[in-house]
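Open the structure in your viewer and show it as a cartoon. This tour goes from the whole chain to single residues, one selection at a time.

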Amino acid sequence: MPPQRRWPLTTPQNPRVHAYTSDHHRLPLPSGHRFPVSKYSLLRERVAAELPQVQLIPAPPASEGELALAHEPRWISAVLQGTTTDAEQREIGFPWSPAMAERSRRSVGATIAAARQALDDGVAANLAGGTHHAYAHKGAGFCVFNDVAVAARLMQAEWHRRHAGPLQVLVLDLDVHQGNGTASIFARDPSVFTVSLHGARNFPFRKEASDLDVELPDGCRDEPYLEALDATLVEVECRLAAQPPGLAFYLAGADPHEGDRLGRLKLSAEGLAERDRRVLEWLRLRRIPVALSMAGGYGHDIAITVALQATTIALAWQSWQAWGGDFRASDRPGAAAMEQSAP
């Protein structure tokens, strides 16, 4: 297990970044189920103990109307009323229960809240979320509703009511598994640019087309991974130069780690931390506010996964600090041309 780390303490001059939680609605699973449900409460407890500069806030539930921004009414009703079929539950990987439905709504609500906060403060996080395998009409791969898709659509609607122009959204999905549900939902929506950097031979085995997909071989280690990430960010900058994003969602999965049961890549803890630093710095220099979600993490030792994701939250706080406290006084997020940003 990695050594415990103490980060700088908060002070009245050093306010706290916001992170939203949904683990208080516990997911009931059969004994021996491979989904690491304990990860979420362990992560919240670790952040509370080691990162007092992070304010932990229980998430509100997403409403049915909010869910309908990205999901078909039949699917929303099936989940909330408990009429999902056995086949649908097998595809998700969870048995239905009232607690499963409520937790799914809260996980979406956490990303909605984080996105709103990011538009105010620059950086915020969901200590769960990243449910990128959920389609408009169904769930899959431990994902019931697609939190990023719902939050992106809602933030665009809320932005449109307050501002003259549209809100361009960037989804940076660095979970080891391709974000097939997110890619499908936004397949014909140019206002949301989807990026997925994932294992080529990993789940899902039938992938959807993101706006930018980058496939990595089994066993990929730190150096080639970070080279691929740098090239991806250059490509994103080129593709979005004419219409820079005003909001980003970053799926900071811990499952590329070498100790992950489902990952198939071989990143070290240091490599994952460097990934997060590069992404957060790239966004900050371009003044693109970001809502993080933790996405996947299935370590043989769940304590290592928790430590990796706690480091992601600590780096998010450091990035938030580096905004310099002047985010509210800045121009519209992403308004400065990306080519004018620091390299």
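Predicted model: local features only at pLDDT ≥ 70, side-chain atom pairs only at ≥ 80, totals over all residues.

**Stop 1: the whole protein**

Select everything. The C-alpha trace spans about 55 × 45 × 45 Å along its principal axes. A compact globule of 343 residues would have a radius of gyration near 20 Å, and the protein has 18 Å, so the two agree. Of the contacts with a separation of 6 or more, 76% are between residues 24 or more positions apart.

**Stop 2: surface and charge**

The accessible surface comes to about 13,800 Å², and carbon and sulfur atoms hold 52% of that. Buried residues make up 58% of the 343 residues. Next, colour the charged side chains. There are 35 positive and 39 negative ones, and the centres of the two sets lie 4 Å apart.

**Stop 3: strand 3**

Select residues 123-126, which form strand 3. Which strands does strand 3 pair with? One is strand 1, residues 17-21, joined to strand 3 in the parallel sense over 2 bridges. To find a point where they meet, select Tyr20 and its bridge partner in strand 3, Asn126. Another is strand 8, residues 290-293, which runs parallel to strand 3 and is joined to it by 4 bridges. Here, select Ala124 together with its bridge partner in strand 8, Ala291.

Now show the side chains of strand 3. In a regular strand, side chains alternate between the two faces of the sheet. Val123 and Ala125 point one way, while Ala124 and Asn126 point the other way. Are these four residues buried or exposed? All are buried.

**Stop 4: Ile76**

Move to helix 3, residues 73-81, and pick out Ile76. Why does Ile76 count as buried? Its relative accessibility is 4%, and buried means under 20%.

To see what surrounds Ile76, leave aside its neighbours within four places in sequence. Ile76 is then in contact with Glu64, Leu67, Ala68, His71 and Phe145.

Finally, draw a distance from the C-alpha of Ile76 to the C-alpha of His137. These residues are 61 apart in sequence, yet their C-alpha atoms are 8.5 Å apart in space.

Conventions: Residues numbered from 1 in each chain as written. Heavy atoms only, no water. Rg over C-alpha atoms; globule rule 2.2 N^0.38 Å. Buried < 20%, exposed > 50% of the residue type's maximum accessible area, 1.4 Å probe, protein only. Contact = heavy atoms within 4.5 Å. Areas by Shrake-Rupley, 256 points an atom, 1.4 Å probe, with all protein chains shown as cover. Lys, Arg positive; Asp, Glu negative; His and termini not counted. Charge placed at Lys NZ, Arg CZ, Asp CG, Glu CD. Pairing = 2+ DSSP bridges.
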